[in-house]
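Please examine the structure below.

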Amino acid sequence: MSPVAPQVLKSYHGNVKPVWCPGCGDFSVLTATYQALAELSLDPARVIIASGIGCSGRFPAYVNSYGFHGVHGRVLPTATGMKIANPDLTVMAVGGDGDGLAIGGGHFAHACRRNVNITYIMLDNQIYGLTKGQPSPTTMPSLVEYKKTHQPYGIIEDRINPVAMALAYGASFVARGYSGKVAQVLDLIKQGIAHRGFSFVHILSPCVTFYPTYDFFKQSTVPMPEGHDEGSRLDAIQLSQTPGKFYLGTFYRHEGPDFTERMNMVKQKAGKGDLNLIVQEYT
Ligand SMILES: Cc1ncc(C[n+]2csc(CCOP(=O)(O)OP(=O)(O)O)c2C)c(N)n1
Ligand code: SF4
Ligand SMILES: [Mg+2]
């Protein structure tokens, strides 16, 4: 961590006090986000954070920036619209595993392939936290016991692997952190913000109340292998599929034209962005 004056760091704190349970993994990600915004010297008035619904959805209220706590599952369309309309802003999207992979799952593919320059932080606690512990698409019944409150006869669906999904959908930056390792989470958030294009930062963020996984992730998270080639999507996909191991770090990155640049190319072709010239073509 680079030193940041305490009063500077404090200036990124929102006025609302977090209501998360003590020990919730989301606290580390919030701390890392304050630090990332401060280290990158981002003006809070030029940052906007969109969120979905869930415990994770409260995130924007705790940060002194613009924020939009939208509807369940729609964090990516919201953030996409924000960035396209305001390309100069730093736009972040924060949401849960249920928000981004169940009800909002269809948006994930399109956000990845559009390469809009936003940073998507998925706070994955492998559970629906806010609604009191129903299994989510990332619940790991074969790895961690699920308390059988909501599905008393067990979970019969296989889990989704969000990192593998983002890689397969063509995301241009894909990383994973664990809230038990806050310094690395900070580094990944900073990398995600700095990346020009869609950055997906998957955070394993335990829900101490409904699916306590700190012990499990302490054992099963491992650093990215030495010499991993971040330019190889195939190597990244292979690592993301390693049974029982959760690699932490940057899986993949590739910089090419983002969505705004691609739109500008179209504008240039179509009358250099001048609406009158475009209309003239058809009159
Ligand atoms: C359209 C709609 N359907 C269902 C809900 C109920 N609901 C609120 S939060 C949530 C799931 C939250 O899980 P997740 O996204 O993983 O967030 P977490 O609370 O775990 O951070 C659901 C199903 C809702 N608010 N809106
Ligand atoms: S219910 Fe779980 S996810 Fe929600 S605040 Fe509490 S520990 Fe965090
Ligand atoms: Mg969740």
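Q: Which residues make up the surroundings of ligand 2?
A: In this predicted model, ligand 2 is surrounded by Trp-20, Cys-21, Cys-24, Asp-26, Cys-55, Asn-125, Gly-129, Cys-207, Val-208, Thr-209 and Phe-210.

Q: How do the residues of the shell around ligand 2 divide by class?
A: Seven are nonpolar, three polar and one charged. Cys, Trp, Val and Phe count as nonpolar, and Asp counts as charged. Gly is placed among the polar residues.

Q: How many residues surround ligand 1, and which are the closest?
A: The shell around ligand 1 holds 18 residues, the closest being Gly-54, Gly-96, Gly-98, Asp-99 and Gly-129. Two or more residues each come from helix 4 (97-103) and strand 5 (127-128). Helix 4 supplies the largest share, four residues. By class, the shell around ligand 1 has seven nonpolar, nine polar and two charged residues.

Q: Which residues make the contact of helix 2 with helix 7?
A: Helix 2 contributes Ser-28, Val-29, Thr-31, Ala-32, Thr-33, Gln-35, Ala-36 and Glu-39, while helix 7 contributes Val-182, Val-185, Leu-186, Ile-189, Lys-190 and Ile-193. Eight residues of this contact are nonpolar, four polar and two charged.

Q: Why is Gln-35 called buried?
A: Gln-35, a residue of helix 2, has 21 other C-beta atoms within 10 Å. The term buried requires 20 or more, so Gln-35 is buried. The C-alpha atoms of Gln-35 and Lys-10 are separated by 9.5 Å, although these residues are 25 residues apart along the chain.

Q: What makes helix 3 roughly parallel to helix 5?
A: The axes of helix 3 and helix 5 come within 9 Å and cross at roughly 30°. Because angles under 35 degrees count as roughly parallel, helix 3 is roughly parallel to helix 5. In their contact, Leu-76, Pro-77 and Thr-80 of helix 3 meet His-107, Phe-108, Ala-111 and Arg-114 of helix 5. The contact comprises four nonpolar, two polar and one charged residues.

Q: Which residues of helix 3 are buried, and what covers them?
A: In helix 3 (residues 75-85), the buried residues are Val-75, Leu-76, Thr-78, Ala-79, Thr-80, Met-82 and Lys-83. Their cover includes strand 1 (47-51), strand 2 (66-69), strand 3 (90-96), helix 4, helix 5 (105-114) and strand 4 (119-124).

Q: What is said of the phi angle of Ser-41, and why is Ser-41 called exposed?
A: Ser-41 has a positive phi of about 50° although it is not a glycine. Its place is in the loop between helix 2 and strand 1. Ser-41 has 8 C-beta neighbours inside 10 Å; 12 or fewer define an exposed residue, and so Ser-41 counts as exposed.

Q: Is Asn-115 buried or exposed, and how do you know?
A: Asn-115 has 24 other C-beta atoms within 10 Å. The threshold for a buried residue is 20 or more, and therefore Asn-115 is buried. Asn-115 lies in the loop between helix 5 and strand 4. It has a positive phi of about 60° although it is not a glycine.

Q: Why does Thr-260 count as partly exposed?
A: Thr-260 has 17 C-beta neighbours inside 10 Å. A buried residue has 20 or more and an exposed one 12 or fewer, so Thr-260 counts as partly exposed. Thr-260 is placed in helix 10 (residues 259-269). Leaving aside residues up to four places away in sequence, Thr-260 touches Ile-84, Pro-87 and Asn-117.

Notes. Residues are numbered from 1 along each chain as its sequence is written. Chains are lettered from A and ligands numbered from 1 in the order in which they are written. This is a predicted model: local features need pLDDT of at least 70, side-chain atom pairs count only at pLDDT 80 or more; totals for chains, interfaces and linings use all residues. A residue is near a molecule or strand if its C-beta atom, placed from the backbone, lies within 6 Å of it. Two residues are in contact if their C-beta atoms, placed from the backbone, lie within 7 Å. Axes are lines fitted to C-alpha atoms, for helices over the stretch in contact, and angles run from 0 to 180 degrees between N-to-C directions. Angles under 35 degrees count as roughly parallel, over 145 as roughly antiparallel, 65 to 115 as roughly perpendicular and the rest as oblique.
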